[in-house]
Amino acid sequence: MSGNIKLLSDTLAAAKAEGRSALIAYLPAGFPTVDGGIEAAKAVFDGGADVVEIGLPHSDPVLDGPVIQTADDIALRGGVKIADVMRTVREAHEATGKPVLVMTYWNPIDRYGIERFTAELAEAGGAGCILPDLPVQESATWREHADKHGLATVFVVAPSSKDARLAEITAAGSGFVYAASLMGVTGTRESVGEQAQDLVRRTRATTGLPVCVGLGVSNAEQAAEVARFADGVIVGSAFVKLLLSADGDLAAGLAGVRALAGELAAGVRTRS
């Protein structure tokens, strides 16, 4: 069965045709529970997200700040497995018809098996994978299997990336490019800053892929700011924080993430 890279590409192209950025939401699988995580993914889609990234919880999430680390810890203590990640992808996609990716560090895939992981992700209706710590020069085997199964391979670029390195990364990627807006870990920020705009400009000079910005966006005003220069706005910690602050009240948490998705969806359409 083929994955949904085309659905991802078509979704991003449709947003561009509407003269706006796409809203991409991130949520960890298994948080606050497996079922709760599935409902949260549906809720952000209901609120207006175009794409959802499902995080595969990891014991040492080097890119992630304290909010997502806390959520990952809850999911891991709850016994989340890769099968639960696949189930989350499947049910979120089937309920909405929208593209769902997995964001994961490399070690879990390496242990699970590349062919097994890509085949199962495609079978679940997944659109691809974001791989923040897989070096491009070591990615050929992964990309071969991802291409075979119709899955996007999304790499992360950072402000520290030199132009030649950007070209190497974007040439190997597919779906879109994840531009980390600043050096550091995920988390909400007071300002997204000019670094992100410069990184998008330099990345676009190397590729025709959409360039989507993450790390720091938490409200509609910031989403509108990033939407002025990026093809997509990625938001994670702000959603996770709402679920954490609901303190076990899943209905309240879902209402919160649905409302925030609505505000951010309005933001990416403002381009103020």
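**View 1. Strands β8 and β9.** Strand β8 (residues 211-214) and strand β9 (residues 232-235) pair in the parallel sense over 2 bridges. V213 of the model stands opposite V233 in β9. Two strands count as paired if DSSP finds at least two bridges between them. Helices (H or I, at least four residues) and strands (E, at least two) are DSSP runs, numbered from the N terminus. This is a predicted model, in which local features need pLDDT of at least 70, side-chain atom pairs count only at pLDDT 80 or more, and totals for chains, interfaces and linings use all residues. Residues are numbered from 1 along each chain as its sequence is written, and side-chain values use heavy atoms, with hydrogens and water left out.

**View 2. The whole sheet.** The 9 strands form an open sheet with parallel pairing, in the order β5-β4-β3-β2-β1-β9-β8-β7-β6. At the edges are β5 (152-154) and β6 (156-157), each of which pairs on one side only. Strands of a sheet pair through backbone hydrogen bonds, either parallel or antiparallel.

**View 3. Strand β1 and its two partners.** In β1, 7 of 7 residues are buried, where buried means under 20% relative accessible area, exposed over 50%, and partly exposed in between (1.4 Å probe, protein chains only). Both faces of the strand are covered: A22, I24, Y26 and P28 lie on one side, and L23, A25 and L27 on the other. β1 pairs with β9 in the parallel sense over 4 bridges, and A22 stands opposite G232 in β9. The parallel strands β1 and β2 are joined by 5 bridges, with I24 opposite V51 in β2.

**View 4. Strand β3 between β2 and β4.** β2 and β3 pair in the parallel sense over 4 bridges; L101 in β3 is the bridge partner of E53. β3 also pairs with strand β4 (residues 128-130), in the parallel sense over 3 bridges, and here I130 in β4 is the bridge partner of M103. From β3, V100 and V102 point one way and L101 and M103 the other way, and all are buried.

**View 5. Helix α2 on the sheet.** Helix α2 (residues 34-47) lies across β1 (22-28), β2 (51-55) and β3 (100-103), and runs at about 160° to β2. Axes are lines fitted to C-alpha atoms, for helices over the stretch in contact, and angles run from 0 to 180 degrees between N-to-C directions. The loop between β1 and α2 contains P32. The peptide bond from F31 to P32 is cis, with omega near 0°.

**View 6. F239 in the nonpolar core.** The largest nonpolar core has 91 residues, and those with the most contacts inside it are V44, F117, W142, F176 and F239. Helix α12 (residues 250-268) supplies the largest share of this core, 7 residues. A nonpolar core is a set of buried Ala, Val, Leu, Ile, Met, Phe, Trp, Tyr and Cys residues joined through side-chain atoms within 4.5 Å. Not counting residues up to four places away in sequence, F239 touches A25, Y26, L27, V44, V257, L260, A261 and L264; contact means heavy atoms within 4.5 Å. In soluble globular proteins, nonpolar side chains tend to be buried together.

**View 7. Cysteines C129 and C212.** The structure holds 0 disulfides, a disulfide being a pair of cysteine sulfur atoms within 2.5 Å. For C129, the nearest cysteine sulfur is that of C212, 16 Å away. C129 is buried, at 0% relative accessibility. C212 is likewise buried, with a relative accessible area of 0%.

View 8. G65 lies in the loop between β2 and α3 (66-77) and is buried, with a relative accessible area of 1%. The C-alpha atoms of G65 and L215 are separated by 9.6 Å, although these residues are 150 apart along the chain. D247 is found in the loop between α11 (237-245) and α12. Its phi is positive, about 55°, although D247 is not a glycine. D247 is exposed, with a relative accessible area of 70%.

**View 9. Confidence and the stretch 183-190.** The protein averages a pLDDT of 92, and 93% of the residues score at least 70; pLDDT is the predictor's confidence in each residue, from 0 to 100. Over residues 183-190 the pLDDT is below 50, and this stretch has 30 contacts in the model beyond near neighbours in sequence. Where pLDDT is low, the predicted coordinates should not be read in detail.
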